[in-house]
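This report is meant for a reader who is meeting this structure for the first time. Please look through the sequence and the model below before reading on.

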Amino acid sequence: MKVLEHMNTRQHMQRGAVVSMPMILGGVPFGLLFGSLASSYGLSPWFAIAMSAIVFAGSAQFVAVGLIAIHAPIWVIVSTTFIVNLRHLLYAADMVKYVKHLPMSVRLIMGFGLVDETYAAVRPMYGIGSVDEKTGHKVYLGSFLAFYIMWNVTTILGVLSGELIPGMSEWGLEFAMVATFIGIITPYLKHSPFWFCMLSAGVSSVVLSGLPNNLGLLVSAVIGVVAGYLADVYGSSSNTHQSTDGNTQGSER
Amino acid sequence: MSLLDSVLIIFGMFVVTFGVRFVLFARAHKVVMPVFVERALKFVPVAVLTAIIIPMIFMTDNQMNVSISNPWLIGGLAAFVIGIWRQHQLLTIFVGVVVFFIAKYMILLLL
């Protein structure tokens, strides 16, 4: 990766923004929808805009606005937000090894920006070696910044327009996010433990989809991690030279 | 809703959201992950991303919908097959999205 060593910070941040583009596009209808939903519930425009700017948590913001609309107490709103966002603890645990050498101020921003999409876009780049400990956080910050701008701009547009374009949520632009996640998952599937992980997480997520507050998602994710781990441990004890190393030798993005 | 309520809600949501994301980063230089934990954590991307998208693909209005009139399923399958076959992320996204929209509008035309 000689060429990467000559890039400056801005160019690394641009890489982060570019790899996030499909998901940013997929996030646009969500931001518009959040803004218009908040104003249709009669909430102050500033409230919705402040929530996107300060909390910055897609699905939790939808859940919170829904709870406010039914006059739920504040402690219910806050504790539900906690449960909805608990999956980010798994991301953080996985990222610890890539941030521990960084100054606290950088970690602070990275923590604030640790959303599904940025983790999904940047984490695999460490695995395939297209970023390292000198460049990874710059790419990460570029991805974060691109998402943050998109999320706040679309929230404001959604608030201002109410129902900007009728039926936009029916278009299916969110499918761009689904396709991107599939593009991230499939390179891992060269090793059988990742198949066990995917299949058990997938089946659980459907079976548990009736649970409230993203709990089904959280439990399914844990089931998938445990299934993958067990398959890895038992697979490699019966066949010692077939263990996975966490690096996916996928193609260059 | 009073201004105080608004401030408390946003402040409370910020504290728990940022807290969950930052607590391990704050102690990252001191945290030593046991080997078995690291070995398990490498499954996090596949596990969480799968758990997010599978209900979106297979369910319509909280009901299982495994049929050719479900464009999410058709597009998802197309992306998955291309992803496994070619291992090229942009191609996977492109084919998935194109197949999804073709399926969506074919279904609209036929029904």
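## A loop residue in chain B

Gln87(B) sits in the loop that joins α4 (71-86) to α5 (89-110) of chain B, where helices (H or I, at least four residues) and strands (E, at least two) are DSSP runs numbered from the N terminus. Its phi is near 55°, a positive value in a residue other than glycine. Gln87(B) is partly exposed, with 18 other C-beta atoms within 10 Å; a residue counts as buried if 20 or more other C-beta atoms lie within 10 Å of its own, as exposed if 12 or fewer do, and as partly exposed in between, with C-beta atoms placed from the backbone.

## How the model is to be read

This is a predicted model, in which local features need pLDDT of at least 70 and side-chain atom pairs count only at pLDDT 80 or more, while totals for chains, interfaces and linings use all residues. Residues are numbered from 1 along each chain as its sequence is written, and chains are lettered from A and ligands numbered from 1 in the order in which they are written.

## Chain A as a whole

The secondary structure of chain A consists of 13 helices and 0 strands. Of the 253 residues in chain A, 50% are buried. Among the contacts in chain A with a separation of 6 or more, 76% join residues 24 or more positions apart, a contact being a pair of residues whose C-beta atoms, placed from the backbone, lie within 7 Å.

In the loop between α4 and α5 of chain A lies Phe56(A), which has a positive phi of about 55° although it is not a glycine. Phe56(A) is buried, with 23 other C-beta atoms within 10 Å. Helix α5 of chain A then takes in residues 58-69, and its 12 residues reach 17 Å from the first C-alpha to the last, close to the 16 Å expected; the expected span is 1.5 Å times one less than the number of residues.

The buried residues of α5(A) include Gly58(A), Gln61(A), Val65(A) and Ile68(A). Their cover includes α3 (21-40), α4 (45-54) and α6 (74-84) of chain A, together with α1 (3-26) of chain B. Just after α5(A), His71(A) takes a positive phi of about 60°.

## Helix α9 of chain A

How many of the 12 residues of α9(A) are buried? The number is 11, so α9(A) is largely enclosed by the rest of the structure. Charged residues by name such as Asp116(A), Glu117(A) and Arg123(A) are among the buried ones, the classes being nonpolar (Ala, Val, Leu, Ile, Met, Phe, Trp, Tyr, Cys and Pro), charged (Asp, Glu, Lys and Arg) and polar (the others, Gly among them). What covers the buried residues of α9(A) includes α2 (9-19), α3, α7 (87-99), α10 (136-161) and α11 of chain A, together with α3 of chain B.

After α9(A) comes Gly129(A), whose phi is positive, near 80°. Pro187(A) itself is found in the loop between α11 (175-185) and α12 (192-207) of chain A, and it is buried, with 23 other C-beta atoms within 10 Å.

## Where the two chains meet

In the pairing of the chains, 73 residues of chain A are in contact with 62 residues of chain B. The side of chain A that touches chain B has 48 nonpolar, 17 polar and 8 charged residues.

The largest nonpolar core has 109 residues, such a core being a set of buried Ala, Val, Leu, Ile, Met, Phe, Trp, Tyr and Cys residues joined through C-beta atoms within 7 Å. Among the residues that touch the most other members are Phe181(A), Cys197(A), Val46(B) and Ala47(B). Helix α3 (residues 44-58) of chain B gives the most to this core, with 11 residues. Leaving aside residues up to four places away in sequence, Cys197(A) touches Gly224(A), Val225(A), Ala227(A), Gly228(A), Phe43(B), Val46(B) and Ala47(B).

## Annotated spans of chain B

An unreviewed UniProt entry gives the annotation "transmembrane region" for residues 6-28, 40-60, 66-85 and 90-110 of chain B; the positions follow the numbering used here, feature names are shortened, and annotations may be inferred rather than shown by experiment. Residues 6-28 of chain B are 91% helix and 0% strand, with end C-alpha atoms 33 Å apart.

Notes
Two residues are in contact if their C-beta atoms, placed from the backbone, lie within 7 Å.
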